[in-house]
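Hi,

Here is the structure I promised to pass on. Please have a look, then read my notes below.

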Amino acid sequence: MSTSDHCTIVICIGNELVADDAVGFEIFNRLAGCEARLEYCSVGGIDLLPMLEGETDLVVVDAVQLGALPGTIHVLPWDALPRDSSTISSHGLGLRETIEIGTTLYPGTMPEWITLVGIEGRCFNRTREFMTEAVQAAIDTAVTIIKELVARGH
Amino acid sequence: MNKTIKIDPVTRIEGHAKVFINLDDNGNLENAGLVVNELRGFEKILIGMEADRMPHITARICGVCPTAHHIAASNALDYAAGVKAPPAAMLLRELMYMGHIIHSHSLSIFVLQGPDLVMGLDADPAVRNVVGIVQANPELAKIALRLRTIGQKINEMVGGRGTHPVTSVAGGITFVLDQEKKKIIQEWITEARSMLPAVVPAVKGLLLNALDKHPAMLNDWIAPSWGLGTVMNDRVSLIEGQLRAIDETGTTMIEFGVEDYDKYLVESVVDWSYMKKVHINLDGMHEYRVGPMARMNAMRSFGTEMADAEYGEFAKLGGSPCHLTVFQTYAKLVETIWAIERADEILNDAAIWGETRVPVTFKGGRGVGHVEAPRGTLIHDYEIDENGIIRAANLIVATQQNYAIINRSIEQAAQSHVIGKSDDTALLNAVEFSIRCYDPCLSCATHAVGRMPLEIAITRGGEPVKTIRR
């Protein structure tokens, strides 16, 4: 696809009151002016589906726990997304599973390209003031990466 | 023999859900339980804030049940200010809340419990998941997700925002209903009603089919316990009313206003989790259940035609009171029917057009309020000074109250699947299933993308035997 006919939705996920989980919210607040439709939700999963309106590109921004050092910024294409649904709570439907459901039920509104920008976090059980320093420090870099992703398209 | 398992905070923040099963030297079960990765410190951050911000700020505790916190906080502030929100405000708060219930229960029935019902407990987890159901049954999936969306739209219109509602305030609600909004909400409710003839038999059919395949669910997966629910005007109620505690036989043991909760509900610390568990203290300590099935056990009437008829079917199959763990799903279905009918009643109640706010001032004192959250009773308790500032806060959430029963279910699963057996898959399935029936709030703190497997640690005589991971 050429860069001229892509349109992007950026969805930032995370609880703004919870230490490293708030990173998605902080990034959302710094993306103003980005050439994309911006959405925020506090928990991901199936809530994402009604937000998708046929954009070609989807960028999901969220805190992740993939075993890297805190503050590491992962830029993962669809093929590299982990399967991560929780088996014991309905809150825990993973991004990959959500998109698979959407592709089956609403193929017309599903994006062609999906990228997860994940910021590795460490502290998820304390309040906002306990955000890990390295995570805080990664916010500006992540914003730059997302803006470049949006501008470049696929 | 050494039985206390210490789980240090470093291992807890990895985002794993952990279950421990401790056996004694002879291999007999000593205890078992779920380790909850609880968000700490939330009550402390409320201290020093203006009381009137509570409905707004506490709604952000949880992305899954924001409306429950939003309304519980509003009720607590009404109490603190010594006012009663006008009838129209209570109806509009309840209308918002019914949207929330429709939305939450649809997800829980469909995403969480659907796979067990459709694929069966013994199915390979690679198949037994929500993607599998959607692919096998896309039309039902679309209806279920549409129902969820309708609930969210009602919640969003009355609450002002979807993710974190903002309209309910001390003394009433800022939402203003007009004929145009009424027409839109009515269309959503009518659409939701039209889905019931497809959804109800489908979900029931899946449940009955699962019971046929797994008779143990009817015969062994029983957890008799006390229950707690809210009642008003001789029917189940969600955002106002008296708390009613019943014993295992369904006999009412006591009814009390939420302002007396600390006389009867006792929190205690456990050494393996930050979460405090709660007992009913009435001539001894009693474990109890909250949530849809507890509400139905406490007050066996909804006051609407379809929900009451469906409750009759529920009681025929599951008993009254019902203690079948798997019937939590059916209870959610009955409440979903009721929420649609009740939303319709509220919208067409002439009282909804009345005054929606009264002025409030905080002269200092205590504010206590509650709601029945989708997963069970949620209590907010604040100390407010004469300048309207929060000086202390205590929140009791549903998962704390269900904790003892969840752990008992895990012990049952461990008894039947661990002692003398070595089938790890069956153990994982049984333990996961018993936790799933309560849909505990775990991921407020741990939703971050990444593996969140269930991990079961088994010890014998204090020594680790093995750890099983999904």
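Is the crossing of helix 5 of chain B and helix 8 of chain B left-handed or right-handed? It is left-handed. Please keep in mind that this is a predicted model.

More on that pair. Helix 5 of chain B covers residues 87–119, and helix 8 of chain B covers residues 179–213. They pack at an angle of about 30°, and their axes are 11 Å apart. Angles under 35 degrees count as roughly parallel, so helix 5 of chain B is roughly parallel to helix 8 of chain B.

Which residues meet there? From helix 5 of chain B come B:Ile102, B:Ile109, B:Asp116, B:Leu117 and B:Val118. From helix 8 of chain B come B:Ala192, B:Val203, B:Leu206, B:Leu207 and B:Ala210. Nine residues of this contact are nonpolar, none is polar and one is charged.

Next, helix 15 of chain B, residues 424–436. Its 13 residues should span 18 Å at 1.5 Å a residue. The end C-alpha atoms are 18 Å apart, so the two agree. Ten of the 13 residues are buried, so helix 15 of chain B is largely enclosed by the rest of the structure. Among the buried ones are B:Leu427, B:Asn429, B:Glu432, B:Phe433 and B:Arg436.

Last, helix 7 of chain B, residues 138–159. It has 22 residues and reaches 31 Å from its first C-alpha to its last. That is close to the expected 32 Å. B:Gly160 follows helix 7 of chain B, and its phi is positive, near 85°.

Best wishes

Key: Residues numbered from 1 in each chain as written. Chains lettered and ligands numbered in written order. Predicted model: local features only at pLDDT ≥ 70, side-chain atom pairs only at ≥ 80, totals over all residues. Axes fitted to C-alpha atoms, helices over the stretch in contact; angles between N-to-C directions. Helix = DSSP H or I, 4+ residues; strand = E, 2+ residues; numbered from the N terminus. Parallel < 35°, antiparallel > 145°, perpendicular 65-115°, else oblique. Left-handed = near helix turned anticlockwise from the far one by under 90°. Contact = placed C-beta atoms within 7 Å. Nonpolar A, V, L, I, M, F, W, Y, C, P; charged D, E, K, R; others polar. Expected span 1.5 Å × (residues − 1). Buried ≥ 20, exposed ≤ 12 C-beta atoms within 10 Å, placed from the backbone.
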